[in-house]
Amino acid sequence: MKARSNAIFGIITMSALLVLYFFLAGVKAVALIMSGDAIAVAMGIALVILPIIGVWALVREIMFGYSATKLVDQLEAEGNLPDDLFVVEGGKRPTHENVEAVFPKYQQAAETAPEEWRNWMRLSIVYDAAGDRKRARQATRQAITVEHN
């Protein structure tokens with residue numbers, strides 16, 4: 001639970017700093033646009049467009065994190081987390097050997113029943129435990145997509 005609190009604090013802090021940046025960039029953009037100089041106007045327009053892209057990316061990542069957390073919480077409530085990652089009782093981090101041993105089971109489950117979001121979410125957790133963040137995010141996105149359909 002402490003890890004989740006730290007993550008939420010980090011998200012709030014980074015979001016607040018990003019909003020502050022957007023405000024300051026907006027002030028500078030208005031000043032550049034009002035200058036009337038062609039290059040300054042172009043830079044001012046860029047300073048307006050880039051924060052809009054930043055807001056879109058921030059909202060998208062927050063929605064992704066919220067959806068992923070909701071699915072993991074549901075898996076946990078159902079008792080369906082991949083608990084076989086931890087061979088040692090009370091272990092905090094799965095070992096590389098543990099991940100390699102259980103990975104085929106979760107990969108096969110996702111391939112066998114791709115319409116089941118729980119399989120994709122468990123595969124995502126195993127990818128994450130293996131340190132493969134890119135595939136973990138892909139599997140999480142698949143789980144979110146399947147769950148929403």
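**Entry 1: H4 against H5**

I started with a crossing: H4 and H5 pass each other left-handed. This is a predicted model, so I kept that in mind throughout. Next I looked up the geometry of this pair, and found helix H4 (residues 117–130) and helix H5 (residues 133–148) packed at an angle of about 165°. Their axes lie 8 Å apart. That angle makes H4 roughly antiparallel to H5.

Then I listed who meets whom. From H4 I noted Trp117, Trp120, Met121, Leu123, Ser124, Tyr127 and Asp128. Facing them in H5 are Arg133, Arg135, Ala136, Ala139, Thr140, Gln142, Ala143, Val146 and Glu147. Sorted by class, the residues of this H4 and H5 contact come out as nine nonpolar, three polar and four charged.

**Entry 2: H3 against H4**

On to the helix pair H3 and H4. I read an angle of about 155° here, with the axes 9 Å apart. Since angles over 145 degrees count as roughly antiparallel, H3 is roughly antiparallel to H4. The crossing of H3 with H4 is left-handed.

On the H3 side I wrote down Val99, Phe103, Tyr106, Gln107, Ala109 and Ala110. They meet Asn119, Trp120, Arg122, Leu123, Val126, Tyr127, Ala129 and Ala130 of H4.

**Entry 3: H2 against H5**

How do H2 and H5 pack? I found an angle of about 75° and axes 10 Å apart. That makes H2 roughly perpendicular to H5.

The H2 residues in this contact are Arg60, Glu61, Phe64, Ser67, Ala68 and Leu71. Their partners in H5 are Arg137, Thr140, Arg141, Ala143, Ile144, Glu147 and His148. By class, I get five nonpolar, three polar and five charged residues for H2 with H5.

I also stopped at one of these, Ser67, which sits in helix H2. Is Ser67 buried or exposed? Its relative accessibility is 16%, so Ser67 counts as buried. Setting aside residues up to four places away in sequence, Ser67 touches Ile144 and His148. Both of those partners are on the H5 list above.

**Entry 4: the core**

Which residues of the largest nonpolar core touch the most other members? My answer is Trp117, Trp120, Met121 and Leu123, out of 22 residues in that core. Helix H2 (38–78), helix H3 (96–112), H4 and H5 each supply at least two residues to this core. H4 gives the most, with seven residues. As a reminder to myself, nonpolar side chains tend to be buried together in soluble globular proteins.

Leaving out neighbours within four places in sequence, I found Met121 in contact with Ala68, Leu71, Val72, Leu75, Thr140 and Ala143.

**Entry 5: Ala38**

Last, I checked Ala38, which has its place in helix H2. At 59% relative accessibility, Ala38 counts as exposed. I then took the C-alpha to C-alpha distance from Ala38 to Phe103, and got 57 Å. Along the sequence, Ala38 and Phe103 are 65 residues apart. Phe103 is one of the H3 residues I had already noted as meeting H4.

How values were computed
Residues numbered from 1 in each chain as written. Predicted model: local features only at pLDDT ≥ 70, side-chain atom pairs only at ≥ 80, totals over all residues. Heavy atoms only, no water. Axes fitted to C-alpha atoms, helices over the stretch in contact; angles between N-to-C directions. Helix = DSSP H or I, 4+ residues; strand = E, 2+ residues; numbered from the N terminus. Parallel < 35°, antiparallel > 145°, perpendicular 65-115°, else oblique. Left-handed = near helix turned anticlockwise from the far one by under 90°. Contact = heavy atoms within 4.5 Å. Nonpolar A, V, L, I, M, F, W, Y, C, P; charged D, E, K, R; others polar. Core = buried A, V, L, I, M, F, W, Y, C linked by side-chain atoms within 4.5 Å. Buried < 20%, exposed > 50% of the residue type's maximum accessible area, 1.4 Å probe, protein only.
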